[in-house]
Amino acid sequence: MENEQTKVIEKKEENNSKIVVPSKQTQIKDLLTKHSEQIQQALPTHIRADHFIRTALTCVNKSPSLLECTVPSLMGALLTAAQLGLMPDGVLGEAYLLPYNNPKKVGNKWISSKEVQFIPGYRGLVQLALRSGQVKSFQAREVYENDTFDYEFGLEPKLIHKPIKDGERGELVYVYAVVS
């Protein structure tokens, strides 16, 4: 009986036997499991390899278009996420795995292959900055049209933002971040 994880291919031979070929999803799971030790070495100590692998598989399950991409590009994107210690689930906003067409010229022909692109999210970038030890705090703020907001550049830069206390704040007009 065929399940979701396995694809059955009929081989045209005298005995008409069937060959069971694992699905790409199963191949990726097996590959990640096989290399879990190397993944653990790439990960920071606060993330366990089994948790990272489960997150990666969930990401692939939620975005089936990732299965259309080359396995090396998917594994490369996952290893980049592991090395940076960012979870590629897209839920926490730390990192994203996005499929894209990558046209390459082979001889006189252009061939397009689907590859996975690792994209760090802004929360992932904040984590990396905080982990570097060079950044102590990070605050992101929204400024609305009825807030008091003023800033100055120069030798003594100044930023003043006072959200309105009562009433409608209005439309969003600016966003800014303070890093120290």
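## Close-up views of a predicted model

In the protein, 51% of the contacts with a separation of 6 or more are between residues 24 or more positions apart. The model shown here is predicted, and the legends below take you through it one view at a time.

**View 1. The whole chain and its elements.** Here you can count five helices and eight strands in the protein. If you trace the elements from the N terminus on, they run β-β-α-α-α-α-β-β-α-β-β-β-β. The protein has 180 residues, of which 27% count as buried.

**View 2. Helices H1 and H3 packed together.** Two packed helices are described by the angle between their axes and the distance between the axes. For H1 (residues 24-34) and H3 (residues 49-62), the angle is about 165° and the axes are 10 Å apart. Angles over 145 degrees count as roughly antiparallel, so H1 is roughly antiparallel to H3. As for handedness, the crossing of H1 and H3 is right-handed.

**View 3. The residues where H1 meets H3.** Which residues of H1 meet H3? On the H1 side, look for Gln25, Ile28, Lys29, Leu32 and Thr33. Their counterparts in H3 are Ile53, Ala56, Leu57 and Asn61. Sorted by class, this contact of H1 with H3 has five nonpolar residues, three polar and one charged.

View 4. Strand S6 covers residues 148-152 and strand S7 covers residues 158-162. The two strands pair in the antiparallel sense, over five bridges. Together S6 and S7 form a hairpin, with five residues between the strands. In the turn, have a look at Gly154, which has a positive phi of about 125°.

View 5. Ala140 is found in strand S5, which covers residues 138-144. Is Ala140 buried, partly exposed or exposed? Its relative accessible area is 47%. Buried means under 20% and exposed means over 50%, with partly exposed in between, so Ala140 is partly exposed. Leaving aside residues up to four places away in sequence, Ala140 touches Tyr176 and Ala177.

Notes. Residues are numbered from 1 along each chain as its sequence is written. This is a predicted model: local features need pLDDT of at least 70, side-chain atom pairs count only at pLDDT 80 or more; totals for chains, interfaces and linings use all residues. Side-chain values use heavy atoms; hydrogens and water are left out. Two strands pair if DSSP finds at least two bridges between them. Helices (H or I, at least four residues) and strands (E, at least two) are DSSP runs, numbered from the N terminus. Axes are lines fitted to C-alpha atoms, for helices over the stretch in contact, and angles run from 0 to 180 degrees between N-to-C directions. Angles under 35 degrees count as roughly parallel, over 145 as roughly antiparallel, 65 to 115 as roughly perpendicular and the rest as oblique. A crossing is left-handed if the near helix is turned anticlockwise from the far one by less than a right angle, and right-handed if clockwise. Contact means heavy atoms within 4.5 Å. Ala, Val, Leu, Ile, Met, Phe, Trp, Tyr, Cys and Pro count as nonpolar, Asp, Glu, Lys and Arg as charged, and the others, Gly among them, as polar. Buried means under 20% relative accessible area, exposed over 50%, partly exposed in between (1.4 Å probe, protein chains only).
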